[in-house]
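Please go through this structure with the text below.

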Amino acid sequence: MQESIYGEYLPQLKAALDYILDGINDIRKKIKEEKTTDPIEHCLARIKSEDSMREKCRRKGLPEDTHSALEVIRDAVGVRVVCTFISDVYTIRDYLSAMPDCEIIQEKDYIRHAKPNGYRSYHLILRVKKKIYAEIQLRTISMDTWAALEHQLKYKQSIGGNTKLIEEELKRCADELASTDISMQTIRDMIFENRGDAN
Ligand code: 0O2
């Protein structure tokens, strides 16, 4: 049987994932207590499968080994946090940056700076306990819906004919969803202001 690309590090990857999930649960509880609203719609977590990791190494022209999987590619541990409103994405980002034994190594704000295809999400690479890297994707329900559908339809796949039209339509949907996110945020802020709650 082929040896795991993660070598002897699988237990450490699992421990890092649990550490992050516990941290996110604590953050969620704290925000719920302070603001009386739940900032998280749902959360998904995974250790990237052997096959996906090997495929990613090949795609990036890297040797299929533990060094590539853990030190060069830094999303063996992945958590997707689907947030309620845009402001929740940034609130959770701030709490994550203050989490003990976790440092932010890289941030990509594809919400303020959407990818040309319309993809929106806030990506963080964290290093847990000075050792294990993890990718956290923070996004709203709308952003998640678009990414899931786009992933099914075309991400990393050829879409055959009508490519330009299909890409334009996907981008249009992403922009419409982004505009709805902003409207929902405005409605939320209005309701909070009327109630006199802190934002
Ligand atoms: P999978 O199969 O979802 O895990 P890298 O992380 O090195 O591949 P990059 O471009 O620097 O490359 O990272 P980036 O942009 O932070 O994207 C990493 C992850 O975000 C991807 O992981 C996807 O999950 C998601 N993503 C990025 N762009 C798109 C997009 O256009 N559409 C969709 N649906 N998802 C996207 P993987 O490992 O590529 O794929």
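A residue is called buried under 20% relative accessible area, exposed over 50%, and partly exposed in between, with a 1.4 Å probe and protein chains only. Helices (H or I, at least four residues) and strands (E, at least two) are DSSP runs, numbered from the N terminus. The model is predicted: local features need pLDDT of at least 70, side-chain atom pairs count only at pLDDT 80 or more, and totals for chains, interfaces and linings use all residues. Residues are numbered from 1 along each chain as its sequence is written, and side-chain values use heavy atoms, with hydrogens and water left out.

Of the seven residues in β4 (residues 122-128), six are buried, so the strand is mostly covered. Two strands count as paired if DSSP finds at least two bridges between them. β4 pairs with β3 (residues 102-109) in the antiparallel sense over seven bridges, and one of the facing pairs is Ile 104 with Leu 126 in β4. β4 is also joined to β5 (residues 132-140), again antiparallel, by seven bridges; here Tyr 122 stands opposite Leu 138 in β5. β4 and β5 form a hairpin with three residues between them, and in that turn Lys 129 has a positive phi of about 50°.

Next, the cysteines. A disulfide is taken as a pair of cysteine sulfur atoms within 2.5 Å, and a search of the whole structure finds zero. Cys 102 is in no disulfide either, with the nearest cysteine sulfur, that of Cys 43, 13 Å away. Cys 83 is buried, at 0% relative accessibility, and Cys 102 is buried at 10%.

A nonpolar core is a set of buried Ala, Val, Leu, Ile, Met, Phe, Trp, Tyr and Cys residues joined through side-chain atoms within 4.5 Å. The largest has 37 residues, and those touching the most other members are Tyr 6, Ile 20, Val 81, Ile 92, Leu 96, Ile 136 and Leu 138. At least two residues each come from α1 (10-35), α2 (50-59), α3 (66-72), β2 (77-83), α4 (86-97), β4 and β5. The largest share, seven residues, is that of α1. Contact means heavy atoms within 4.5 Å; beyond its neighbours within four places in sequence, Val 81 has contacts that include Ile 24, Ile 92, Ile 136 and Leu 138. Another core, of six residues, lies apart from the largest one and includes Tyr 110, Tyr 119, Trp 146 and Leu 170.
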